[in-house]
Amino acid sequence: MSRPLILLTLMSIVFALGVSPAQAAPAWERDYAVKTTGISNSRPCTIVMADYQVTRGDNATASACYAIKGDYMKAIDGKADGKAAVMKWEYFPNQDAAVKRRGVCIYTGGSTAPYRAGTCNKDLPEKGLIRIWAGVRNVSGSTSLHDMTFGPDYVCLAFNGSKAVGYSRAGCEMALNRG
């Protein structure tokens, strides 16, 4: 049997069995946040989700949160250090699913009130799980994740429609089990 014929036969068997090649992770969405006045504005956070500190015990250098109503990602700059505040996020349709969407929301507006926060408006499905980290961008103008630093801790929020059904700093499984 010739090599092309063997390959064609194997491919036919794989597809007949319903086996598909592993899907690649989705590309990173990169957005620049629009300045918002104050942290509690017309798009309040469902829950303040994550903080990033350069030194433990310091005030947060950056914070990130998510508003279910309207799917607003919010990056908050907590320190005048010349670095942009960044929110990294991943969306899962359910607990057993792979990451469906992921991205970063970069706020470059500075830490001076009243403009110390920025929002990125995303359009996510009405049900699922979002995992969020807060961090900073170390290289001005870069959108590469290699030029950003995020805290080791993340927070998960399970939601259904415009309601939070679970929240956890301990892990995504905990958030879903609370819902």
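Predicted model: local features only at pLDDT ≥ 70, side-chain atom pairs only at ≥ 80, totals over all residues.
Tyrosine 154 is partly exposed, with 26% relative accessibility. Look also for lysine 88, which lies over the face of tryptophan 133 at 4.4 Å from the ring centre.

**Figure 1. Strand E9 and its neighbours come into view.** Most of E9 is covered, with ten of its eleven residues buried. Which way does E9 pair with E6? The two strands are antiparallel, and nine bridges hold the pairing. One place to look is tryptophan 89, whose bridge partner in E9 is isoleucine 132. E9 also runs antiparallel to strand E11 (residues 155-160), to which six bridges join it. Here you can find glycine 128 standing opposite phenylalanine 159 of E11. Strand E10 (residues 148-150) is another antiparallel partner of E9, with three bridges. In that pairing, valine 136 stands opposite threonine 149 of E10.

Figure 2. Side chains of opposite charge can pair when their charged atoms come close. Arginine 131 forms a salt bridge with glutamate 90, and their closest N and O atoms are 2.5 Å apart. This pair links distant parts of the chain, from arginine 131 in strand E9 to glutamate 90 in strand E6 (residues 84-92), 41 residues apart. Are these two residues buried or exposed? Both arginine 131 and glutamate 90 are buried. The charged end of arginine 131 also sits over the ring of tyrosine 154, 5.1 Å from the ring's centre.

**Figure 3. Four charged residues form one network.** How many salt bridges does the count come to? The count is four. One of them joins glutamate 29 and arginine 101, with 2.8 Å between the closest N and O atoms. Glutamate 29 lies in strand E1 (residues 28-32) and arginine 101 in strand E7 (residues 101-107), 72 residues apart. Arginine 101 is partly exposed, at a relative accessible area of 21%. In another salt bridge, lysine 122 meets aspartate 31 at 2.7 Å, N to O. These two are 91 residues apart: lysine 122 is in the loop between strand E8 (117-121) and strand E9 (127-137), and aspartate 31 is in strand E1. Lysine 122 is buried, with a relative accessible area of 9%, whereas aspartate 31 is partly exposed at 23%. Shared partners join Glu29, Asp31, Arg101 and Lys122 into the network.

**Figure 4. Aromatic rings gather in a cluster.** A search of the whole structure finds three aromatic pairs. One of them is tyrosine 66 with phenylalanine 159, a tilted pair at 5.9 Å centre to centre and 45° between the planes. Ring pairs link Tyr66, Tyr91 and Phe159 into the cluster.

Key
Residues numbered from 1 in each chain as written. Heavy atoms only, no water. Salt bridge = Lys/Arg side-chain N within 4 Å of Asp/Glu carboxyl O. Helix = DSSP H or I, 4+ residues; strand = E, 2+ residues; numbered from the N terminus. Buried < 20%, exposed > 50% of the residue type's maximum accessible area, 1.4 Å probe, protein only. Pairing = 2+ DSSP bridges. Phe/Tyr/Trp six-rings, centres within 6.5 Å; stacked < 30°, edge-to-face > 60°. Lys NZ or Arg CZ within 6 Å of the ring centre and 35° of its normal.
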